[in-house]
2 protein chains.
Amino acid sequence: MKLYDSGRAPNPRRTKIFLAEKGISIPTEQVDMMKGEQRSPAYRAINPMQRMPALILDDGTIITESIAICRYFEVQQPEPPLFGVGAKDIALTEMWNRRCEINLLLAVANVFRHSHPAAAALEVPQVPAWAEANRPKVVEFLQILDGQLAKNQFVAGGRFSVADITALVAIDFMKPSKIDMPADLTHVKRWYGEVSARPSAKA
Amino acid sequence: MKLYDSGRAPNPRRTKIFLAEKGISIPTEQVDMMKGEQRSPAYRAINPMQRMPALILDDGTIITESIAICRYFEVQQPEPPLFGVGAKDIALTEMWNRRCEINLLLAVANVFRHSHPAAAALEVPQVPAWAEANRPKVVEFLQILDGQLAKNQFVAGGRFSVADITALVAIDFMKPSKIDMPADLTHVKRWYGEVSARPSAKA
């Protein structure tokens with residue numbers, strides 16, 4: 001088993017934080033996205049989508065998409081549960097993870113990929129107007145998240161979950177994307193301090 | 001229990017096809033997105049993200065995001081399984097569902113939302129260059145999907161799954177988005193004929 005990883009890139013990092021929370025350690029191989037190594041014929045044979053990360057199982061099966069890799073390990077080792085327990089909690093965890101993916105991680109990534117010179121080879125063509133359209137979306141969603149974190153310790157409720165991982169990675173990705181955290185989001189800040197202090201956040 | 005639904009809009013339709021495959025029937029209430037009813041104070045109290053669909057449970061819990069709603073029913077009624085069975089199959093089903101969401105459904109939606117006059121109130125601001133950038137992405141992914149369907153009856157392998165639902169809905173959404181299906185994708189066409197003929201596709 002091996003994880004194809006890419007430094008601090010947001011999606012591989014989600015998988016690594018998830019594994020750290022589970023206490024699972026597996027060998028990794030680095031693929032440098034800034035050097036375009038994900039577009040090499042060798043890596044395209046692993047993932048034709050040219051995206052990171054990818055997991056190769058001992059039987060040769062290749063699993064891509066960070067959340068698909070996380071789900072593999074959730075079934076293999078259910079404790080601690082990171083996708084919820086029981087129908088309602090599983091659904092609410094999925095809901096908040098997806099809200100954080102679509103409205104935060106994807107929106108921040110759109111800003112980075114369509115405005116940062118270092119992303120010119122990743123995103124062809126860059127559409128600067130699309131980067132700008134996403135900046136206010138990020139702030140709008142952070143305000144909704146602040147309301148949720150005013151009433152709950154973690155993003156999906158009372159337990160740390162994959163939704164916290166997605167939100168943490170997205171917020172850390174705001175810095176290279178040059179998006180400032182609004183000063184008045186006190187509940188997001190309280191939560192960010194707590195999840196950033198977990199050992200898994202070093203991943 | 002009630003599902004807030006919106007005609008033939010792609011995401012509510014995913015949930016309805018899923019429920020039809022499970023043989024589950026629940027009351028629905030229509031929210032007309034083209035009239036902007038999802039932005040009304042009444043619906044914003046249900047889903048501050050102003051997106052469709054939403055499920056309200058008998059205890060008042062609100063679940064939004066179509067796949068989160070589908071997962072609720074997958075746990076409540078596991079048969080027939082639509083998210084896979086066992087770690088590897090669950091991971092591969094998640095992988096293909098996400099590939100179809102990100103590279104097909106989202107790409108087609110980007111074309112529609114950023115180019116169609118009827119979507120001007122849904123997507124503010126419309127960025128026409130982003131619509132155009134997404135057209136070749138749709139075709140590129142359909143070619144990868146054709147390769148997968150050359151070797152497998154369904155999108156995620158040998159069993160009908162949520163990934164087929166996402167792909168079917170995305171392909172049907174190509175018509176209002178004015179994207180033509182490339183003529184040479186024979187395996188996609190074979191599969192499309194089969195899944196479209198299932199009674200659930202009428203949802």
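**Before you start.** Residues are numbered from 1 along each chain as its sequence is written, and chains are lettered from A and ligands numbered from 1 in the order in which they are written. In this predicted model, local features need pLDDT of at least 70 and side-chain atom pairs count only at pLDDT 80 or more, while totals for chains, interfaces and linings use all residues.

**Stop 1: the two copies.** Select both chains.

**Stop 2: the interface.** Here 29 residues of chain A are in contact with 29 residues of chain B. Contact means that C-beta atoms, placed from the backbone, lie within 7 Å. Colour β4 (62–64), α3 (66–76), α4 (87–115) and α5 (128–151) of chain A: each supplies at least two residues of the side that touches chain B. Helices (H or I, at least four residues) and strands (E, at least two) are DSSP runs, numbered from the N terminus. α4(A) gives the most to this side, with ten residues. Why do the copies meet through the same surface? Because 100% of the interface residues of chain A are also interface residues in chain B.

**Stop 3: B:V108.** Leave aside its neighbours within four places in sequence. B:V108 is then in contact with B:V138, B:A170, B:F173, B:M174, B:S177 and B:I179.

How values were computed
Two residues are in contact if their C-beta atoms, placed from the backbone, lie within 7 Å.
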